[in-house]
Structure formats: C-alpha cells, structure tokens
Amino acid sequence: MPSGASGAASRASTAAGSAVRVDVDARAGLATVGDVALGVNHAIWDSQLGTPAVADLLGDAGVRIVRYPGGSYADIYHWKDHTAPGGYVAPDTDFDTFMAGARRTGAEPMIIANYGTGTAQEAADWVRYANVTKGYGARYWTIGNENYGNGHYGSAWEADDHADKSPKEYAAQVTAYAQAMKAVDPTIKIGAVLTMPGNWPDGIVAAGDQGSWNEEVLTRAGAAIDFVDVHWYPGGSTPAEALTKTAHIKDAVYLLRQQIERYAGAGAGRIKISMTETNVDVGRNTQPGALYLADVYSGLLEQGVFTVHWWNVHNGLGTVSTVAGHTDYGDYGLLSSGNCTAGNTVCQPPLNTPFAPYYALSLMGEFARSGDQFIGAGTNDELVSAHAVRRANGDLAVLLINKDPSSERTVTLNYHGFTPATGAPSVLSFGNGDTAISTTADGQTLAPYEIKLVTLHPAAPPVAAPKAPGQPTATATDSTATISWPSAGAGVKYEVFRQNGGISEQLGETTATSLTVRNLSPGRRYTVNVLSRDGAGRQSASSPPVTFTTGTPPAAACTVKFRDTNDWGNGYVGSIDITNNGTAPVNGWTLTFTWPTTWQSVSSGWSATWEQTSRTVRVTSDGALPAGATTTAGFVGAYSGPNVLPAAFTLNGTVCTSV
C-alpha cells in the first residue's frame, strides 16, 4: 500500500506560495543510469578544448563522456593531419590533446567519424590509432553528423561529397564503415545518424526513396549498428514555450523505439539511443537554459536514452538580450568564451565562467549517478516538473523544477513504495541568478525558476529486501496482456503494477512468473513493472519497465485503416478507409477517435464532416455504407511534436479492427 507523506520535505507550509502535490513511486521503475549518461560536446575550433581548467570544470560537474571533433565539423575533419578544409581549427585541439583532457575529466570519448568528406578506411585507421596504437579504449563511434542535412530534403548545411545523398547511400556507407572499423576493433560500438521523431525531416519521403530517412537507414543498416544518434533543438520563441517542449520526450523516444523495432530487423532490441546535441533558442545562458537542461537530461535518461550531451562547452557570443532579469549572451556554451561584441559594447564574463546551465548539469551529476534507477514521479502543476531516482543503498532523490518565472510553489512530497527516515532530507538548490549550488534546509519551497534536489534515506535499510525481478515481456490482445518475467527466487510472490504518473495501479499478484491482465482498453499504451515480496512482507526494488500497446478486436463489425500519405515535417495529408464488415448497410455513420497528444489536430477534411473537440475527433456522414463496402475520408493533419498516430476507432459506438 502507498505510504503517506512523511519527512521534513513533505510537511505543509503556510509561508510559501501555491501548493503543489508531488507523487514519487518507487514501484514504477524506469531506466537505470549508465556509466556515460552525462555528456557534452567539444569542438576543434575551441581553443580551450582539453585544457586543465576546462577538464576539471567538466569533471566537477559529473561529465562522463565528451564528443569530438564537434558537430558539422566532423564531416570536414581529417584526424591524421588535424585539418578541416573550409573551417577553422584552433591550436592544440588535436585528438591526443582531446583525449588527455577527457582522461583528466574522467570521461570517455564519443568520436564522430567523417562521413561527409572522409572514407571508411580513414575511420578504420582512426580506430586503429585510438585503440591499438594508443590504447585509449574508445568505445563509441558515430558515422557522421546530421547527414540528413546534406541537401537531399532541400536544406544543405552538412558537408557531403557523395554523388548520391540519399538515406540508401548513407546506410550502405554506414555498413561499410562499420565493417572496416570493427575489423580493427570488434568491441567498439557504431552509431548511425537518425532524426528525432517530430523534428524535420522525420516522416518525409523524398523523391526516389522508399521511406523516410529513419526507415531507410534502419532497414538497410540496422544489422551493422549498435546505437542510433539523434539531436533535438525543440525551439520555442519564449522561455515559457521552450520549457513546454520537454513534454514531447516520452512520445518521441517511444516512436523512435517503434521505428527501430519495426525496421532494424532481427536483434533490434540491442540498438540503443544516444542524444548527442540539445539546447534551447531562448535563455541559453540564463535560468531557462538551466531549467531546460535539468528537465531534458532527466526526461531522456529515464526513458532509456543511454547518453545525453549539451551543445556546447564553448560557443561564443550570440544575440545579447535580457532573460529572466539577467543578461543572456545567446551563447550555446556551458562556459563563457570571454569575447565581446563589435566595439566592445557588451562583453561576456571572464573566460570559462560557468553559465547557468553548467550548474544544472552539476546538479544532474549529483542526482543521476551510475547504477541509480529512475522511478515514476508526477505533479499536479504543469509548471512544476519532478524526476526521481532510487539508489542502490535505498536512498531516494527527487529533482524539482519550478518553471514559473514569477511565483513560488510549496511542494508536498508523497511517497509510494518507499518510507523515508525521520529527520530532515539533504537539499541542494540552484535559483535564478545564482552563481553556485547551495545547501539549504528548505526542501519544500520552490522559488520562481528554482531547481532543487531533495535526497532522503529510507526508514529501513534495503539489505534484507528480496531480489527484483528481471526484464518483463508482454503479449497483448485488444483487452488483455500476459506479462512474463524471470524468476526472482524461491518463496516470493510477485506484484504487477501499471505506471500512472507518480502513483502506480496494482493490476494483480501471483506466485507464478506470468500474469494475464484483463479489462484493458483497446489501442492504448501501458507501461508495467513487476516487484517481488517475500514471506515477511518485504518488497523488492522495481523491475525494469515493459511498455506495450493493446490491439483492437480482430473480427469487429468494421475495419479502419489510418494512413499518413504525404508528410512535410509538421503536417501531412491523411486518409481513413472505413469498411463495413457487417451483413447490413450502415445508414449514416460517425467515426470517432482521440489524438494521443495535445499537439495534434485536424486542419481540414473532406468526404465527410470533420469536427475536433479537445483531442477527440468526430467524422460524420449521412451517406449509406453498404455491407462489405469501403468508404474513404481525407484530411490535413498538423502536429508540433511527435506524431503518434491514433490506434483505436469507433464507428457508431462500436470499436473497429485497426489495420
């Protein structure tokens, strides 16, 4: 049963502002933090790359992986002579200098092999130099950077000397690169460049292609790769808009995993996801950038992305403005470049002065440690985000983010599957305008634009708890799902929970290693965990999650086929085929479905009357649909985030078969 709120961090306060309920559920296990979770980008045009001062700052922030040689420069960079024709290369930024800095930081390298103007042999020689000659043990290698930006879809910023700039050619070259590089060191991991679902050119099928960039690359090169590499610059014209974009993460990662499973062939489950560039358009150096970093790193890592990298360590002065009451230099860097505008009218702080996102990264280093398991957390306030981890020693840490620039919040923490020890928790804070992370006794008041990390000890040590079950699997129909898992040992029973924000719902319990759950809704996504409990009533930590989507009735009175027939990146022409499987005509019909997200809509429609209320769409017609006949209605759809297509439809109240 859920435990009540307890501990100093959960007591109500009358001195603070609006009350916010935060639920943290130790039974709702998410991804486990890996050894290279926190990363940043280094670039060969940065004269501070590899310096002791920078290496130490990154190490202090908990950075465990650094990417080289820097974004689009990777596709013009030749490592042997340390040149990048057409670009600037700063002194003392060669590969060995980079590796010396990475080692001082305590970080692994992630290396981008030159796809645009390089060769598979050049990449293989780099592997040989790095891992055979020098013994650096560089595990992670990606083939190129944003190679879909080579002009194939109309926009060209990425160098690409190949005559064929299609995803088909990229996939063929990825396979060739992987073969050549793994012939030198078979232990390395190879990554292929994909696009983040909901971001251009996701969904677009160019002339001559059989599918989108992701579909083509995964279909043709899936067997050769170990991970996929995506970037995410979600945009937003104001800080408030930018900070809403983190709500896209769960659906975007879900869609990307679906693409991997659908197109990458046998063994696709081994393919991981890396996010090697992200940043904001507004407030890059001020508190909105810090809030975004904390929220997006946490959101991606809890969904199983194995590494997340900020762009960039240094980047230089951009458009100067005032954001959240402080000067923002429009600089993508974590650290100041120390440069000035023309005429020295505005100058950045001294070189290597940390900007606000650096401190958010440092809080992430305290929060998400290798081996920690993210667990479910939710709030009743859309301007307050909460993320939580359970540590191996039983401690629970909660990261709280107030996205309101003008009002504080009073937070009440409620724990489920966890009982905190008495006494005050440990609390770290970083607020708007701060120049350091501070320790505070107040774990319940969030000032405007403040981030807090609250860490609690358990009431009882976890050493006597039973073993957690291993990775569950699920097989679903339209209304049932059979959940199975490896045995956690003799003498335990198992409890199966469905995740629901920060409060899980128990679906059942058994002494067997599988459970069939009934009365599920068709076409709905579910995430479940399994926990074990011994005869003394002690509950284990959570299993990893398993996510599945129920189907639709296999032999319904109607069949619906929903198609995206022509996509342009933020909208598409859609088509819905409706078939009457009955023996009698349907005289007048209403088809109803619900968009999975709030950022999807119908712009216009034809061959029926289209109406949308909130997320629910009703398509109506006075016409007859004879027995065995099919009718088609079309529409223009719009989306401003991951375009998760609806999976369940009803015709005159009857759930149809979806195909």
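**Confidence and conventions**

The chain has a mean pLDDT of 95, and 97% of its residues reach 70 or more; pLDDT is the predictor's confidence in each residue, from 0 to 100. Over residues 1-16 the pLDDT is below 50, and this stretch has 36 contacts in the model beyond near neighbours in sequence, a contact being heavy atoms within 4.5 Å. The model is predicted, so local features need pLDDT of at least 70 and side-chain atom pairs count only at pLDDT 80 or more, while totals for chains, interfaces and linings use all residues. Residues are numbered from 1 along each chain as its sequence is written, and side-chain values use heavy atoms, with hydrogens and water left out.

**Aromatic rings**

- The whole structure contains 45 aromatic pairs; rings of Phe, Tyr and Trp (its six-membered ring) pair if their centres lie within 6.5 Å, and planes under 30 degrees apart count as stacked, over 60 as edge-to-face and the rest as tilted.
- Phe227 and Phe306 form an edge-to-face pair because their ring planes stand at 85°, with the centres 5.6 Å apart.
- This pair links distant parts of the chain, 79 residues apart: Phe227 is in strand S7 (residues 227-232), and Phe306 is in the loop between helix H8 (287-302) and strand S9 (307-310).
- Helices (H or I, at least four residues) and strands (E, at least two) are DSSP runs, numbered from the N terminus.
- Phe227 is buried at a relative accessible area of 1%, and Phe306 is buried at 11%; buried means under 20% relative accessible area, exposed over 50%, and partly exposed in between (1.4 Å probe, protein chains only).
- One aromatic cluster is formed by Tyr68, Tyr77, Trp79, Phe95, Phe98, Trp126, Tyr129, Tyr136 and Trp141.

**Charges over rings**

- The charged end of Lys272 sits over the ring of Phe306, 6.0 Å from the ring centre.
- For Arg525, the charged end sits over the ring of Tyr254, 3.7 Å from the ring centre.
- A charge sits over a ring if NZ of Lys or CZ of Arg is within 6 Å of the ring centre and within 35 degrees of the ring normal.

**Helices H4 and H5**

- The axes of helix H4 (residues 167-184) and helix H5 (residues 213-221) come within 8 Å and cross at roughly 35°; axes are lines fitted to C-alpha atoms, for helices over the stretch in contact, and angles run from 0 to 180 degrees between N-to-C directions.
- On the H4 side, Pro167, Lys168, Tyr170, Ala171, Val174 and Thr175 meet Trp213, Glu216, Val217, Arg220 and Ala221 of H5.

**Thr475**

- Thr475 is in strand S20 (residues 473-476) and is exposed, with a relative accessible area of 59%.
- Leaving aside neighbours within four places in sequence, Thr475 is in contact with Thr480, Ala481 and Thr482.
- The C-alpha atoms of Thr475 and Phe548 are separated by 7.9 Å, although these residues are 73 apart along the chain.

**Backbone features**

- Tyr68 and Pro69 are joined by a cis peptide bond, with omega about 10°; Pro69 is in the loop between strand S3 (65-68) and helix H2 (95-105).
- Trp200 and Pro201 are also joined by a cis peptide bond, with omega about 0°; Pro201 lies in the loop between strand S6 (189-193) and H5.
- Glu146 is not a glycine but has a positive phi of about 50°; Glu146 lies in the loop between strand S5 (140-143) and H4, and counts as buried at 12% relative accessibility.
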